[in-house]
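Visitor: I have a structure open and have not looked at it before. Can you walk me through it?

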Amino acid sequence: MAGWLFYKLDAKGFLHWGHNYWFKFCTSEIADPFQDPAVGAWPGLPYGDPFVVYPGPDGPIDSIRWEVFAESLQDYAVLQSAGIRLDDALLAELKSYEDFPKNAKWIEAALQKVLS
């Protein structure tokens, strides 16, 4: 949903603070995000929040979170390429970062409308 909200709310950018923060929170000691997905910061940080890729033997390993975020940016590009106006009725249910449709079926239906 991020791409849809970024588009509708005319976001000027997006910052994710932890692409690969694998340290035990606020230390210089490397944690194991496979074993502790909050790297020692639960409940202050949700599981997976400090990183979107995992450490691998040959470099970062992709995550489902990273793939879903990439899909949302592709949706943004589709909306932009199709020239959907910010006040288009299709986007009316996207009211704020707190108030938006919270199910995948909405995205699928809206995307099909744009692509058709």
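Visitor: Let me start with one residue. Is Val39 buried or exposed?

Guide: This is a predicted model. In it, Val39 is buried, because its relative accessible area is 0%, and buried means under 20%.

Visitor: Where is Val39 found?

Guide: Val39 sits in the loop between α1 and α2.

Visitor: What is phi of Val39 near?

Guide: Phi of Val39 is near 40°, which is positive although the residue is not glycine. Most residues other than glycine have a negative phi.

Visitor: And Asp10, what is phi there?

Guide: Asp10 has a phi near 55°, again a positive value in a residue other than glycine. Its place is in the loop between α1 and α2.

Visitor: How does Asp10 count in terms of accessibility?

Guide: Asp10 counts as partly exposed, because its relative accessibility is 40% and that class lies between 20% and 50%.

Visitor: What about the peptide bond from Trp42 to Pro43, cis or trans?

Guide: That bond, from Trp42 to Pro43, is cis, with omega near 5°. Most peptide bonds are trans. Pro43 is in the loop between α1 and α2.

Visitor: Which residues line the largest pocket?

Guide: The lining is made of Met1, Ala2, Phe14, His16, His19, Asp49, Val52, Arg65, Trp66, Val68, Phe69 and Ser72. Helix α2, residues 64-82, gives the largest share of that lining, with five residues. By class, seven lining residues are nonpolar, three are polar and two are charged.

Visitor: And how much space lies in the second largest pocket?

Guide: About 190 Å³ lies in the second largest pocket. Its lining includes Met1, Trp4, Val68, Asp75, Ile107 and Leu111. Two or more lining residues come from each of α2 and α3, the latter spanning 104-115. The classes there are six nonpolar, one polar and three charged.

Visitor: You mentioned Leu111. Which residues does Leu111 touch?

Guide: Leu111 touches Trp4, Asp75 and Val78, leaving out residues up to four places away in sequence. Leu111 lies in helix α3.

Visitor: What separates the C-alpha atoms of Leu111 and Gly13?

Guide: Those C-alpha atoms, of Leu111 and Gly13, are 22 Å apart, and the two residues are 98 residues apart along the chain.

Visitor: Now the inside. How many residues has the largest nonpolar core?

Guide: The largest nonpolar core has 15 residues, and Met1, Trp4, Leu79, Leu91, Leu94 and Trp106 have the most contacts inside it. Two or more of the core residues come from each of α1, residues 2-8, and α3. The largest share, five residues, comes from α3.

Visitor: Take Leu79 from that list. Which residues is Leu79 in contact with?

Guide: Setting aside neighbours within four places in sequence, Leu79 is in contact with Trp4, Tyr7, Ile84, Leu91 and Val114.

Visitor: One more thing. Which residues does the second core include?

Guide: The second core is separate and has six residues, among them Trp22, Phe51, Val52 and Val53. Val52 also lines the largest pocket.

Terms used:
Residues numbered from 1 in each chain as written. Predicted model: local features only at pLDDT ≥ 70, side-chain atom pairs only at ≥ 80, totals over all residues. Heavy atoms only, no water. 1 Å grid on protein atoms, 1.4 Å probe; cavity = no way out; pocket = protein on both sides within 12 Å on 5 of 7 lines; lining within 4 Å. Helix = DSSP H or I, 4+ residues; strand = E, 2+ residues; numbered from the N terminus. Nonpolar A, V, L, I, M, F, W, Y, C, P; charged D, E, K, R; others polar. Points joined across faces, edges and corners; volume = space filled by probe spheres on them. Contact = heavy atoms within 4.5 Å. Core = buried A, V, L, I, M, F, W, Y, C linked by side-chain atoms within 4.5 Å. Buried < 20%, exposed > 50% of the residue type's maximum accessible area, 1.4 Å probe, protein only.
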